[in-house]
Amino acid sequence: MLLSVLLLLSACGASSSKDIDALEGYWMDDRGNTVTFTGDGAVMWYGNSFSYTIYDEDKVLIKNGDVEIGNYKFEVKSEKLQMTDLALNVVTTLYGKESKQQEILEEIRKEEEAVLEAIAKEEKELKAQQEA
């Protein structure tokens with residue numbers, strides 16, 4: 001029985017360290033914003049450089065010097081990072097898989113093209129009205 005408990009505890013510990021290692025990398029949210037965690041405690045957070053500290057195995061504190069930028073609970077599963085803001089209880093999902101990131105960027109590109117086409121159509125219609 002003691003052996004079973006030890007195996008269970010070691011399995012839980014191994015899973016947590018995998019999550020910590022899995023946090024490192026390049027992540028993208030649904031709007032194309034990016035976050036990059038490096039192994040040296042640096043994070044590129046939505047275009048700004050900060051530091052981070054992992055604590056309690058599943059929480060990450062992001063700071064700019066002594067100023068707290070954010071405090072999050074994180075979970076990594078299948079190249080998907082879910083970060084829950086501990087102050088606001090807001091969940092953000094970020095993706096690590098390159099194909100998913102490309103899909104996000106393609107969708108953003110299509111949306112931007114649709115907006116530009118709508119503006120061009122509106123300008124054309126306005127010009128036609130002014131000439132009539």
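Arginine 109 and glutamate 106 form a salt bridge in which the closest N and O atoms are 2.3 Å apart. The coordinates come from a predicted model. Arginine 109 and glutamate 106 are 3 residues apart in helix α2, so about one helical turn separates them. Arginine 109 has a relative accessibility of 35% and counts as partly exposed. Glutamate 106 is also partly exposed, at 32% relative accessible area.

A salt bridge also links the side chains of glutamate 103 and lysine 100, with an N to O distance of 3.4 Å. Both residues belong to helix α2 and lie 3 residues apart, about one turn of the helix. Glutamate 103 is partly exposed, with 49% relative accessible area. Lysine 100 counts as partly exposed at 24% relative accessibility.

The structure holds 7 salt bridges. One of them pairs aspartate 58 with lysine 73, and the closest N and O atoms are 3.8 Å apart. Aspartate 58 sits in the loop between β4 and β5, whereas lysine 73 is in strand β6, so this pair ties together parts that are 15 residues apart in sequence.

Strand β2 (residues 34-37) runs antiparallel to β3, and 3 bridges join the two. Within this pairing, threonine 36 has methionine 44 of β3 as its bridge partner. The hairpin of β2 and β3 has 4 residues between the strands, and glycine 41 takes a positive phi near 90° there.

In a regular strand, side chains alternate between the two faces of the sheet. Strand β3 (residues 42-45) has a covered face made of Val43 and Trp45, while Ala42 and Met44 make the uncovered one. β3 also pairs with β4 in the antiparallel sense, over 4 bridges. The hairpin of β3 and β4 has 2 residues between the strands, and tyrosine 46 takes a positive phi near 50°.

## Serine 51

Serine 51 is placed in strand β4 (residues 48-55). Not counting residues up to four places away in sequence, serine 51 touches Gly41, Ala42, Val43, Leu61, Ile62 and Lys63. Among these contacts, Ala42 and Val43 belong to the uncovered and covered faces of β3, respectively.

Serine 51 is partly exposed, with a relative accessible area of 32%. Between serine 51 and glutamate 68 the C-alpha to C-alpha distance is 9.8 Å, and the two are 17 residues apart in sequence.

Strand β5 (residues 59-64) pairs with strand β6 (residues 67-77) in the antiparallel sense, over 6 bridges. Leucine 61 stands opposite asparagine 71 in β6. Between β5 and β6 the hairpin has 2 residues, and glycine 65 in the turn has a positive phi of about 65°.

β6 and β7 run antiparallel, joined by 6 bridges. Lysine 73, the salt-bridge partner of aspartate 58, stands opposite threonine 84 in β7. In the hairpin of β6 and β7, with 2 residues between the strands, serine 78 takes a positive phi near 50°.

Threonine 84 lies in strand β7 (residues 80-85). At 18% relative accessibility, threonine 84 counts as buried, because buried means under 20%. Apart from neighbours within four places in sequence, threonine 84 is in contact with Asn71, Tyr72, Lys73, Asn89, Val90 and Val91.

A nonpolar patch on the surface is formed by Val115, Leu116 and Ile119, with about 280 Å² of accessible area together. Leucine 116 is found in helix α2 (residues 98-131), and at 57% relative accessibility leucine 116 counts as exposed.

## Confidence

The chain has a mean pLDDT of 85, and 85% of its residues reach 70 or more. Over residues 1-16 the pLDDT is below 50, and this stretch has 1 contact in the model beyond near neighbours in sequence.

Methods
Residues numbered from 1 in each chain as written. Predicted model: local features only at pLDDT ≥ 70, side-chain atom pairs only at ≥ 80, totals over all residues. Heavy atoms only, no water. Buried < 20%, exposed > 50% of the residue type's maximum accessible area, 1.4 Å probe, protein only. Contact = heavy atoms within 4.5 Å. Patch = residues over 30% accessible without salt bridge, like charges linked within 9 Å, V, L, I, M, F, W, Y side chains within 5 Å. Areas by Shrake-Rupley, 256 points an atom, 1.4 Å probe, with all protein chains shown as cover. Salt bridge = Lys/Arg side-chain N within 4 Å of Asp/Glu carboxyl O. Pairing = 2+ DSSP bridges. pLDDT = per-residue confidence, 0-100.
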